[in-house]
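Hi everyone, thanks for coming. Please have a look at the structure on the screen, and then I'll walk you through a few parts of it.

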Amino acid sequence: MSLQRLAQTFVLSLAIPALVHAQAPAAAPAKPDSPQVQALVEKAKKSAGSQWAEEAHFFCEAPRGNSATDPEIAPTKIFDNVYVIGNAGTIVYVVQTSNGLVMLDSLGTAQLETQLLPGFKKLGLEPANVRAVIMGHGHADHFGGSPYFQDKFGARIYISEADWNLMDNPPPGRGGQPPAPQVRPKRDQVVTDGQAIVIGDFRVMPVAIPGHTPGSMGYIFPVKDNGRTRMAAMYGGTILTPGPISDEGLATYLKSVARFKDATSKAKVEIVMQNHPLMDPVQPKLEKMQSRKSGDPNPWVVGESNYQKFLDVMYQCTEVNIARRSRQ
Ligand SMILES: [Zn+2]
């Protein structure tokens, strides 16, 4: 990164901290739920069971966007080859491969110097070893940290074609305001549904999941836990607050969740790795990691059937949000 770019990044990070709020809090429902909506909420809670009760409450009843005030988490190694850095609202996964490091997402520009690079340092990871940054979708709270790695170390940047276009033509802000200026990566690699991204011994399968953005991507990939390979997935375009999403967007999202359910079921995914872990809080898992003894289960591994239930709850709470719109 040139000094000028660095200065620009710094100024922008000071000037527009609101950028991290890619998903602003939605207004509370104006009216109480109809009996039909209440029944759908109950159905989602039943699917959730105790494992996903918090998720059902979040998606069906109390959604909120990620925020600049979400508390920072302790950077932690969560699998033999995976580290997590960030805050309670937005996180980055760093994967050690046989050919350097791969990042899934990159936080916002404002967190580069405050969370991301300090996290690398604390974990003993070298930012210069980042070969690739693979983004869930083209919003600034996910791609804002990536230009640093592209400019300074030549890391390849992976985003879907539709979301490269979204980044080049960001939609107007609330109330028709011009879009806020964004420090964004230069056009690079295009992620395509069903075409594996291979970096060293790490193989990531992208699944198109439009809805939150036109080019949102889910990713399915193996991780290693105490030497054992297990399948993980990140639904890279979760709608936290349905308010700003169009009716069409919600309908598309519903289909995408079903699509991802199918793909993750076939791949035998048993690990939830969300980039906005608000519905599946990360802090309790990190605490369990700290006291984990050999032979204890890894708190990130939920099992195949619980992974499917996680997506069932997303699906059913989206049905709730759609039904809330259709009432008179
Ligand atoms: Zn977003």
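Let's begin with strands S2 (residues 82–86) and S3 (residues 91–97), which run antiparallel and are joined by five bridges. A quick word on terms: helices (H or I, at least four residues) and strands (E, at least two) are DSSP runs, numbered from the N terminus, and two strands pair if DSSP finds at least two bridges between them. Before going on, please remember that this is a predicted model, where local features need pLDDT of at least 70 and side-chain atom pairs count only at pLDDT 80 or more, while totals for chains, interfaces and linings use all residues. Residues are numbered from 1 along each chain as its sequence is written, and side-chain values use heavy atoms, with hydrogens and water left out.

Now, which sheet do these strands belong to? An open one of seven strands, in the order S1-S2-S3-S4-S5-S6-S7, with mixed pairing. Its edge strands, S1 (76–79) and S7 (189–191), each pair on one side only.

Next, helices H2 (residues 35–48) and H10: their axes come within 9 Å and cross at roughly 175°. Axes are lines fitted to C-alpha atoms, for helices over the stretch in contact, and angles run from 0 to 180 degrees between N-to-C directions. The two helices are therefore roughly antiparallel, a label for angles over 145 degrees. By class, their contact has nine nonpolar, three polar and four charged residues. Here Ala, Val, Leu, Ile, Met, Phe, Trp, Tyr, Cys and Pro count as nonpolar, Asp, Glu, Lys and Arg as charged, and the others, Gly among them, as polar.

Is Gln316 buried or exposed? Gln316, in helix H10 (residues 304–326), is buried, with a relative accessible area of 11%. Buried means under 20%, exposed over 50%, partly exposed in between (1.4 Å probe, protein chains only). Leaving aside residues up to four places away in sequence, Gln316 touches Lys43, Ala44 and Ser47; contact means heavy atoms within 4.5 Å.

Finally, the zinc ion. His137 (NE2), His139 (ND1) and His212 (NE2) coordinate the zinc ion at 2.1 to 2.2 Å. Donors are N, O and S atoms within 2.8 Å of the metal (3.2 Å for Na, K and Ca); water is not among the atoms, so sites may look incomplete. His139 lies in the loop between S5 and helix H5 (140–143), and His212 in the loop between S9 (202–208) and S10 (217–225), so the pair ties together parts that are 73 residues apart in sequence. Both His139 and His212 are buried.

Methods
Angles under 35 degrees count as roughly parallel, over 145 as roughly antiparallel, 65 to 115 as roughly perpendicular and the rest as oblique.
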